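Please read the following points beside the sequence and the structure.

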Amino acid sequence: MAAQAGGGVPLSTLAPKYLHTNSTSHTWSFSAIAGLIDNAYDPDVSAKQFWIDKTMIKEKLCLTFMDNGNGLDHETMHKMLSFGYSDKTAIKGHVPIGMYGNGFKSGSMRLGKDAIVFSKSESGMCIGMLSQTYLELIGANQIQVPIVCITERNLISFSVREEHRASLQDILCYSLFKTREELLAELDAITSSFSQTGTRIIIWNLRRTATDATEFDFETDRYDIRIPSEVYEAIGDPSKVSDRMTSHIPETVYSLRAYCSILYLKPRMQVVLRSKTVKTVLIAKSLACMRKDFYKPIFLNKRVPIHFGFNTKSKDQYGVMMYHKNRLIKAYERVGCQLKANNMGVGVIGIIECNFLDPTHNKQSFIESDKYRKTMNNLGIKLEEYWKETQYRMKQEDPTNSIQVEDTMKQPDQNWIQCNGCLKWRRLPDGIDCSKLPTEWFCRMNPDPQFRSCHAEEEPEASDDEQPSYRKTYKEQEREDKMKKEKIQQSPSTSSNVGSSSLLEGAVRAVTPPLRTATISQAAVSPSMNDGLPVVTVVSLVSPNLPALKRAQPSPLSTPKRPKVNLPHRISGTLAERDTRSPSVPPHMEDSDDDISILEACSTPKPAKPVDDVSRVKKEQTEEGVNGVSMLLDCTDDAAVDPPSEKTTAETGRPTVSATTQTEVFNVKLEKESQSLKEGNRTVEPGTFSTNATQSLNAQSLKTTEIKQEKNSQGEENMQNGETHVEKSTTEKQQDDLLELLQDAIQERDGFKEELQKVTCQLQEMQKKLSEASQKTSSKQSFQAEKSEERDYKALFERVKQEEFD
């Protein structure tokens, strides 16, 4: 029947099989041993030494673990043999490692099926047993842990409390020790460590392989406990075990001595493995080319220091050493560039204490969380920065050096050693070979008199908040190189633009004839809705870039034959604003501010004038600007139609068309009237008009036809409405004259197109010649500069030589 609490609610129980189930969290046997070492290291025990050995007890191979710590009383031993009890707190800055209350159970049951604990404290002596064999033999349904407290003892026997007699009976019956004298002998072994308190653990029925061999190798090294190759499956081919173990696979994977040497970031406890002290390593200060960086995550208020350096023992063993509360969690974890097949990061070791992360149950990894992933990503970035910095500095020191950086690191930057007496770390002067130091080293042997006593404190370390990260000079050089590259890329483009514009201006001036004027006249005389006459639109082209062109002469106006028709008041589109550029315009010319602008104002009717009156022609002189020649088309609506004077009618015998021509002068621009008429308010730059001009001229021809049709239709509508008072014959005659003028304009436009194509070809050929000439000029100037420098060096050499002779 299940046990019940005081309220009658059943209690949860643990079956004996859970001991084996719980032990499977340790896939690596050394992690189980590390759990036992952690219990002795924690501040509640605070042991100074920890012994690990193997022994034979009644023909049973056993592992023994002993410390000289504070020991355990009955209550603390019962919690140690139970599950989930962990109330450890930090003492004098010593932070406990244990946090789950499961280390001893999972670790001991991973190594063997049975374990017995002997402990001696100031309050007395206790003996406890955790045994799977015992539970199987008694047929227990729940886990039972016999615990005995010794109250009085003599040389050969002891007495226990009445409530502990059953536990003592089971220990003597199911353990390796059958008498009280044997139990006392094991308790006395604790005091042989020059301490009156401590704990001793004996594990037997060790786990074995399929061949009935133990999973540990005790024979290869008599001072070490190793994992054989056939047990460690990741090693692979047994014939190459020795080579692989000494090179690619870290020694800490298969050697307990090597693993214990780096188990703690800053060791405070001495480990004695098989009667030989483990030479612990202050790994953060045992690397070559050490640099200190910092990682500042967003979820912490302070920076986390990271140490980088090169492994001086083997370049094949590298990665990040990740600690948690001074305890090694992940060793040689490769990150960033070390995971790529490019030999980057080879030999580099990073060291970080991740107290902000949560370790897993077996303390061999961290829980996969967002914090962990961000940390690993940043570690990869920091490590790659360190690698590039060392490569850059090596090249700066010796550019001709072809040896890899990791091959040159043979000695650590500093030599540190631990005193066997006080366990304090002392820094040795440079030049001392640590391999020649005695096995047991004490503070009194220190060459530095300041730290020659065990009472002297350790050398203080600078606060992490005060120290900056190491200087990344390669980044500074990369920024400088990038700025220089940008300047170099900008300077040729600027000079080439300036040079090409000046050369182009000279070339155009060389091939263009004197200024010629070509005028295209278009006239429309028709009354509007309010009996006004529209202003006649006249286009005048002035361009120095074109050869002499034939000027179209308007034919005399005669008596009209057809009724009047309305021409549209606006022939060409408004060009006051710049339109989107044609794709043919080069991108480097789009930012120019001196483009050609063509403006037009809409015609406005003016009332109360007879039909027979014709507007007087007004001509404005062309105005020359400062920068070159361009065309400005201005069709003003404000020009009134004046009555014809007697002089005008007598001289010409026909109405006079009012024409307004206005020009501006800009820097060497090629004006294309036909393209301006086609593209509306689009402006075109030189060198891009060969194709667009042809298309524009064709479009103008179509547009003129449309104007004619629209003009005829409007004239017919006005005629039907009876809004005109002019004779039909006069209007028809005027209309015929206008059509003839338009035809002349089209012919002149076709002539412009042919001449424009010729000039375009000439301009392209001249540009090619100019570019070739500029290249020759630049090469000639560079050759002259080199020759000038050579003459300067020769003159200097002759001067120095003359001074020596004098």
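**Notes on strands, loops and surface**

1. Strand S11 (residues 304–310) and S14 run antiparallel and are joined by 5 bridges. Within this pair, Gly 309 faces Ile 349 of S14. Two strands count as paired if DSSP finds at least two bridges between them; helices (H or I, at least four residues) and strands (E, at least two) are DSSP runs, numbered from the N terminus.

2. The model is predicted: local features need pLDDT of at least 70 and side-chain atom pairs count only at pLDDT 80 or more, while totals for chains, interfaces and linings use all residues. Residues are numbered from 1 along each chain as its sequence is written, and side-chain values use heavy atoms, with hydrogens and water left out.

3. S11 and S14 belong to an open sheet of 5 strands, in the order S10-S11-S14-S12-S13, with mixed pairing. Strand S10 (288–295) and strand S13 (327–333) are at the edges with a single partner strand each, so one side of each has no neighbour in the sheet. On average, neighbouring strands of this sheet are turned by 20° against each other, direction ignored. Helix H10 packs on the sheet and touches S10, S11, strand S12 (319–324), S13 and S14; contact means heavy atoms within 4.5 Å. The direction of H10 makes about 140° with that of S10 (axes are lines fitted to C-alpha atoms, for helices over the stretch in contact, and angles run from 0 to 180 degrees between N-to-C directions).

4. Is strand S3 (residues 112–121) mostly covered or uncovered? S3 is mostly covered, with 9 of its 10 residues buried; buried means under 20% relative accessible area, exposed over 50%, and partly exposed in between (1.4 Å probe, protein chains only). S3 pairs with strand S7 (residues 198–206) in the antiparallel sense over 8 bridges, and Asp 114 has Trp 204 in S7 as its bridge partner. S3 is also joined to strand S4 (residues 124–131) by 8 bridges, again antiparallel, and a hairpin of 2 residues connects S3 to S4.

5. Asn 362 lies in the loop between S14 and H10. Why does Asn 362 count as buried? Its relative accessibility is 15%. Asn 362 touches Ser 25, His 26 and Ser 31, not counting residues up to four places away in sequence. Asn 362 and Thr 27 are 335 residues apart in sequence, yet 8.8 Å apart in space, C-alpha to C-alpha.

6. Ile 367 is found in the loop between strand S14 (348–353) and helix H10 (370–397). Ile 367 is partly exposed, with a relative accessible area of 41%.
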